[in-house]
Amino acid sequence: MPAAVTAEQNRVDREALLDAAEQLFYENGIQAVGMDQVRAASGLSLKRIYRFFEAKEDLVVAMLKRRDLRWRGSLAAHVDRVADPRERVLAVFDWLAEWFAEPGFRGCAWINAHGELGASSEAVLAEVRAHKQAFHDQIDTWVRATGLPVTEPVYLLAEGAIVTAGISGDPVPARQAREAVAALLGRPSP
């Protein structure tokens, strides 16, 4: 009789599965990746994978949720190092520029997922919307601290930079959006 799988082994296997799925889905697209590819990349059997996630859609949603926490956490850590409220908002675009310049950058995982599955998967659509709302809320918090009512244009400039960089493969849109936001925020106080 095989030994029982421990809670720690379940945690390790689930993380390995999510790592493999995230890499494959982000690099190749969700629909282009079959579960056999996920199996091979994760080193887990299909039976084990389906014990964690009953359907590929469930795996996609879990991957997006985990990526959201990591992505927004990294952004917040970068912005929170800056004390001045105006400079904090601009730091969002500095972080975006670094992200856009990373090897393997393929745009926004949530926009990509929405493009592939948003019309056919309520669960994926809900996760995409939750991420975008959480990102909007982060920006709103940082913009409000400046005392200026410019959350929406700042958010739209960030989203536009993400989409443009994803399509062009060029990090320049982050700098261009940063310049536009700097103009919205006005000159810093002396």
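How far apart are the end C-alpha atoms of helix 5, and what span should its 16 residues give? I started my notebook there, keeping in mind that this is a predicted model.

**Entry one: helix 5.** I looked up residues 85-100 and worked with 1.5 Å a residue, so helix 5 should span 22 Å. The end C-alpha atoms came out 23 Å apart, which agrees.

I went through its buried residues and noted Arg-86, Val-89, Val-92, Phe-93, Trp-95 and Trp-99 among them. The buried residues of helix 5 pack against helix 1, helix 4, helix 7, helix 8 and helix 9.

Next I picked a residue in helix 4, Leu-75. Is Leu-75 buried or exposed? Its relative accessible area is 0%, so I put it down as buried. Leaving out residues up to four places away in sequence, I saw Leu-75 touch Val-92, Trp-95, Phe-135, Gln-138 and Trp-142. I also checked Pro-103, 28 residues away along the chain: its C-alpha atom and that of Leu-75 are separated by 18 Å.

I then turned to the largest pocket, with a volume of about 280 Å³. It has 15 lining residues, and the closest to its centre are Arg-67, Arg-70, Trp-71, Trp-99 and Glu-102. Helix 1, helix 4 and helix 5 each give two or more residues to that lining. By type, I noted six nonpolar, three polar and six charged residues in the lining.

Methods. Residues numbered from 1 in each chain as written. Predicted model: local features only at pLDDT ≥ 70, side-chain atom pairs only at ≥ 80, totals over all residues. Heavy atoms only, no water. Helix = DSSP H or I, 4+ residues; strand = E, 2+ residues; numbered from the N terminus. Expected span 1.5 Å × (residues − 1). Buried < 20%, exposed > 50% of the residue type's maximum accessible area, 1.4 Å probe, protein only. Contact = heavy atoms within 4.5 Å. 1 Å grid on protein atoms, 1.4 Å probe; cavity = no way out; pocket = protein on both sides within 12 Å on 5 of 7 lines; lining within 4 Å. Points joined across faces, edges and corners; volume = space filled by probe spheres on them. Nonpolar A, V, L, I, M, F, W, Y, C, P; charged D, E, K, R; others polar.
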